[in-house]
Every structure is written in C-alpha cells, then in structure tokens.
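Good morning, and thank you for coming.

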Amino acid sequence: MTELTASSAAGLRGLSERDVLARRQAGQGNDYAAPSSRTYADIVRQNVFNVINIVLFTIGAVMVGIGRVSDAVVSVGLILMNVIIGVFQEIRAKRQLDRIALLTRPRVTALRDGAERALDPAEIVVGDVLVLRPGDQIVVDGTLIGEGRLEVDESQLTGESDPVVKTAGGELFSGSFVITGGGLMEVQKVGAASFANQLGAQARSFRVVKTPLQRDIDLVIRILMLVAMFMGILMLASAVLYGFPLMRSAQMAAVIAGVIPNGLFFMVIVAYAMGAVRIVRTGALVQQANSVESLSNVTVLCMDKTGTLTANRIHFETVHPLGADEATLRRLLGDFARSASVTNKTGEAIIAALPGQARPTVDEVPFSSARKWSAVACDNEAMRGVYVLGALEMLQAHLAPGPDFSDKLAEWTARGLRVLIFAGRADALSLHDVAGNPVLPPELQPLGLLCFSDELRPEARQTLAGFVEAGIALKVISGDNPQTVAALARQAGLAEGMGVVSGPELDALSDAEFAQVAEETTIFGRITPQQKERLVDALRGRGHYVAMIGDGVNDVLSLKKSQMGIAMQSGSSATRGVADMVLLNDSFAALPPAFLEGQRIINGMQDILRLFLTRAMYVTLLIIAATVMQVGFPFVPKHSSLVAFLTVGAPTLALAAWAKPCKPRGRLIQSMIHFTFPAAISVFLFGLLVYVTFFGLAYSSVIKLPITPEEIQGFERYAGITYDIPNVDAFTQEVATLIAQTALTTFSTLAGLLLVIFVEPPVEAFVGGDRLSGDRRPSILAGLLLALFVVIMAYPPLTRFFELLPFTPETYLPIVALVIVWALILRRAWRQRWFERFLGIELEW
C-alpha cells in the first residue's frame, strides 16, 4: 500500500499533539491494560482455598485448639510450603505472560499531524484517526470514515465466523479483526467504555485446553477425594460410636486427608514452569502454561506453506503474455499493484519488480483468502475497465476462451513457482452487485500469467525430518496451487507420492469422504479459511491431537479450533492473540526442542504420578485393613508426613528436574496397571505383615523395649499428647501400637526409597517397573534421604518429635530382610507381568 493513499484522498491530517494532550488531560485516553492469564487474587484464591487445603487447614486448626501444635505444623506445613511455592511460581508465570503480552500485543497506526505514526494502544485518545489494514486488531470502538471498505471478523464478540462488510459510517468494535480491505477509523469509545470491555471480553482470546496429562491428574484427584471422603465418613461414624478422643479423631482425619496427593498440583506447576524456562531459550514464547506438554501429544501438525516452509518473502520471476504484448502486460501489472488501496506480499513483489503508477479507481475488491483474487476498476485513458489478479482455479469460470497455457502452467508449478493469472475487461466498471457483494463480470480476457518464487526456510528440511522421525503426520495447508505446494514440500524433504488435493475438490465431497481425505492426504492447496477450520475439525474427529501453525488473520479460525495453536512472531496480532505458543524470529525450528521438552515433562510427571499413587493406594489399604483387624491406626500425622517427604516430596522435585526426553510410556492407566498396582499391593501386603507381626510380638511381650509409664508420660509432655491409659492392658496395647507404627514407618520409608530407584533404574538389576534409565542421580538422592532417616532414628530428640520409638539394631534386621524379599518379589512380578496376566491384558511397555 502506498503511504497515506486513503488519508490523502480524504484530506485528513488527524489530531495534532496539542489536541492529543488536551484530550488525555480530559480523561479521554485509552486506559489499555495488557491481557493477562489470571489476577493475583485469582492465583492466591485457587492455590489456597481449594477443597483439600480447606479440610487440612481445618484439621490443623483443631489440632492447635487441642494443644497438638507440632502435629498441626507437620501436617499443614507441607501444604503451606506447596501453597507458597505454587503461588510464587504462578506469579512468576503471570509476569512472564504479561511481558509476552507486551511483546505480542497489537500496535496501531494513527494519523497525527498528517503523518502515519505507530502507537501503543494506550496512546490512543478519542477523536484519533486510525489506519486499518488486513490483519489489524481493532482495539477501540469507532466508525469507518472516508472511502474505505473493510471485511471484519467479529467472531470473538458475536460467535459468528462469517466476515462482516463495513463501509463509510459503519461501526467498528474493539475485539474484532480486519480480514480484507483498508480504511480510516475515527475513534469514539476508549478504555472501559469500549464494546469489548463492556462485555468483559479481551481482544486477545485466552483459550484453556486441558492436556491428556492434566485430565488424567484431575481424574486421579477426584477418585482419591471420593475414597478419602468415604473413609472420613466411616471414621466419623466410628468416632461417634466408640467415643474416640477428639485428639485421636483429628490425627486420623489428618492422615486420611493426606491420602489425596495435593502435591500433584504443585508438581504440575513446577514442571510447566521449568519447561517454559527451557523452551524460551530455544526461541518460543509460551502463552499457555500447558502448551509445552501439549505439543508432545500432537499426532498431526498442520502448517501453511507461507511463513513455515517458506520465509514469507515472495520474489517476482517473470510473465507469460496471453492477450497483450509483454511491455503492455508489465505496465498494466505495475499500475494495478500501485492502484490498490491495500496491498499484500504479492503486490509488494510486483511493485518492487515492475514500473508503474497509481491510477484513480472507481471500484475495488481487495484480496481475500476466501476469494483468492483482487480487482480494481479504473476509468481513465491509461487504464480503463476491470482488472483482476488471482488464482486460476478461482477465476476459471469468469474467463473468456483464449490461448492454451497449460504447458507453461505445468512447467512453473512443477518447479514450485506460484502462478497467478491477470485478466481484464475494458467495457466493465463495476465490481459489486446492488447488495454490495463482490462480483466479477463475465468473459474476462486473459492477459497473462505471472509466476513468483518463495524462499525456502533454511531450517525447513531438518525440522520436518525431526517431526517425521517423531511420528507426527504433517499436513501442508495453503491457499496456493496444490501442485506448487507439493513441489515446495518435496524440496523441503517430504516424501514422494504424498496425497495432493485442492479446495474445490474438497467442496465436492461428503462429510465422510472429507474426513477420509483429510486423514490420508498431505498437501492441501487453494484452501479457504473455512476449509482449514473444517480440516482441523475432521482430524480431531478421527482421534488426532492437532496442532496448527499460522501467521495470517486467515489462520485464526483454524488456530482456535486446534488443540495447540502456534503463531509466528511477525504474524498478525489476531493470530498471536489466539495462539498457545509464539515462535520468535518466525522460526519453527524451535518446535522439535519444544516437542522434546514436552516429552520430558510427561516422563517426569509419569514418574511422579507413579510414586504419588503408589503411596496413596497402600496407605489407604493399610488404614482399611488395620481398622477391620482392630489393631489400632497404622499412622499418626507425623509418621505420614515423614514418609511422604522422604519417599514422595523430595524425590519428585528432583525427578521433575532430571526427567529425560524420550517417547512417553503410554497413558496413565497403562502406567498404573504395570507399575502402580503391583507396587502398591505388594507394599500393602508386606507393610501389613510388618505392622501386625510387630503389634502381636509387642503385645505378647516377645519384643520388649525399655518403655515405662514414666517414659510414656515424658513422651506425652514432649509431644503434647494425652493417651488416657487407664490400666496395664491398655498401656501394653498402646506400646504395641507405637512399636508397630514405628516398624511400619521404617518399612514404608525403605520401600518408598527403593521405589524411587525402581522408577528410574540406574542398572539392569533394578529394571522391571520401568525401562533402563542409566541415570544414577535418583539413586544417589535415595541414598541421601536414607541417611537422613537414619539420623532421625538415631537422634533421640528427632525420634521423639516424630513420635517414633528407638529400636535396637537387631530389631531393624527383620524389617530390612523383608524389604529385600519384597523388592525381589516385586521385580519378578513386574518382569513376568503377573498383574497384567491376572487381568488378561497385554500392555506395550
């Protein structure tokens, strides 16, 4: 577009700096707030006041009320740490998103003192004259002035995807986008008074699409919440029937509530935050926290040719005259490109290569991705009549018979060149019908063919090869000739023999045929924005996880429809606004590393989930079994918190950081069947054996520890607990329970630390529940945590704080022996797939 073409015709100069200052002082400025993910209040509310936290905080308050401050600190302390770190991480993520919003938020062009000036939306004032071009986001309300004509996408405001035509006097609303055309807009409403803000909407669409991992975690949390609620109801009924002391009831409630792995939410936040930090170094900005993990689930990647395979730099090559000599054809093309009020990359390439001058126009139809042609009508000696430039497939029906050019067309398309046809009719001057809809006159005379070359991105071949190797199906969806796109795809390294289809051919198909072609075809040419959206819909309908890369406003619909939207940094503000990820420097070479980072997150979270779920399952089973057998309650809050920290809390943080990118090991249900169920059931059975055995031996005085009533009283004073022991038998039972709880805590800790090694086997001897990792860091961490547990058991103040009893070295030997036997049996169960064979299923592992 020539600078100020529309404004000069209207004789407008826009506001002066003095006018702008006066209006801003009068409160008529646009108080524009950069879109963000969530407010600080939302972050705090959702991290602090969820159901699990409220239950645990209530239990903690009860414990404080009855004097069990240490229990409250241990039980609620870990949750408080999760909350603090979670809030901190999400605020960091919010600030990162705010910075990204500053980078990707729209810029506007305004007339100030007769010249175009790029402005931040916050600089707009009432009365400003804004210049609108295709792809621009409308950020304030106003009216179209002058002779401009626009097609506007108001789908984010109305839900209707059909473009809306705007002419002089037409109202323009914030939150919409210019699809085609150009013109001038006079600003009328800004800030809170704008249409989008009054609706509570944002011009930038914030999509929330949960990934398979997030859905799996949500399902697990909900199931465990139901289990905990069921157990809690039973515990409450028992407390009422048997008159349990309030202290004991609060302790049991804290342990039961701890069955719900609330730390999973925290671990997801940590994993996503680390992934976002890693991926930004490769050249991608994350706009949705889960988008890095989402990318690794992608099975089909849809991309446009322009801006992805090619560098969005078009070069005019040559012309092939048909109904005019070459000199006349070149002059007409140069004049045509300069006379259009709005230009695109094709027009810019013509202007750069061919001489000419702008001619007055009496009618015009700007280029549209749906129409795939543009036209002007002139009424002067140098250029009289209607002239149109566009795709042959779209103009074929309007052309008069002329010379055969099929050989030249085939030659150029086989070389990967873009081919357009230029035609005209000297006795026509109108391009619209009485209703204002664009319409071409019949019998257009073909004047010539033009060809353009696209610059292939240097990283395209390597990047595409990386996706093919990862098993991701590629779909190249373009508005260009399908054979041209196919030739470029072959140059980029895609295999020969890939399916090719055009948009008009797709229109002739039924829904079932359309879906089949979408599945089997690689190259799609002459595709409209609506067809792009339909292709994404069809692929999702066949069970694919679809990602879409786009840069133009014509990609907005398909980006919003896909499960993973990716935009180029130089793309339109509309495209960046709806994307989950923005590629810096317009290089999709950042995607393979992002894909690997997503695999890292999934693998790390699968390890974390297996440890969390194993612990939740065996603790639940132990509580139920001990209650049924009437041998006391197997844990007190401090025992449960200690085991959770040593076997789940500390290891999972490290596993999230040390996870490796490789093909994920199936979905959560497969992981649970192969790893979690055998591990949890075996820990439960051996743990119950340890608990019942030590309880029975202690109760029958086979195991004797030097515990006197006076020592129990000292323990009570130190721990702030009252056992209310009325007689010797009750004292013996209480001692037996303490001994059994200590033995079970020791076994659970040792078994849990071995599971950390099993989940990332450093050597072949530990392979069974998972593939050989070779990473020794988790094993070293497990050794350090074991050393910490030994210190706790050897240092009396810590032993008493955690309400454990100091065993003699000989007492630990049978526990250690049982742990070794348990580990050998569990490894055999994994390797021989006992649980899968019992269920009668086969899993790929």
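I begin with helix α21 (residues 529–541), which lies across β10 (300–303), β17 (473–477), β19 (523–525) and β20, and runs at about 160° to β20. Contact here means heavy atoms within 4.5 Å. Axes are lines fitted to C-alpha atoms, for helices over the stretch in contact, and angles run from 0 to 180 degrees between N-to-C directions. Helices (H or I, at least four residues) and strands (E, at least two) are DSSP runs, numbered from the N terminus.

A word on the source: this is a predicted model, in which local features need pLDDT of at least 70 and side-chain atom pairs count only at pLDDT 80 or more, while totals for chains, interfaces and linings use all residues. Residues are numbered from 1 along each chain as its sequence is written, and side-chain values use heavy atoms, with hydrogens and water left out.

In what order do the eight strands of the open sheet run? The order is β9-β22-β21-β20-β10-β17-β19-β18, with mixed pairing; two strands pair if DSSP finds at least two bridges between them. At the edges stand β9 (284–286) and β18 (500–502), each with a single partner strand, so one side of each has no neighbour in the sheet. Direction ignored, neighbouring strands of this sheet are turned by 20° against each other on average. Within it, β20 (residues 546–550) and β21 (residues 564–568) pair in the parallel sense over four bridges, and M548 has G565 in β21 as its bridge partner.

I turn now to another open sheet, of six strands, with antiparallel pairing and the order β11-β16-β15-β14-β13-β12. Its edges are β11 (310–321) and β12 (361–365); each has a single partner strand, so one side of each is left without a neighbour in the sheet. The twist averages 20° from one strand to the next. Strands β13 (residues 373–379) and β14 (residues 384–390) pair in the antiparallel sense over seven bridges, and D379 stands opposite R384 in β14.

Finally, consider two helices. The axes of α13 and helix α14 (residues 345–353) come within 9 Å and cross at roughly 130°. That makes α13 oblique to α14, because angles under 35 degrees count as roughly parallel, over 145 as roughly antiparallel, 65 to 115 as roughly perpendicular and the rest as oblique. Which residues make the contact? They are L333, G334, A337 and R338 of α13, together with G347, I350 and I351 of α14.
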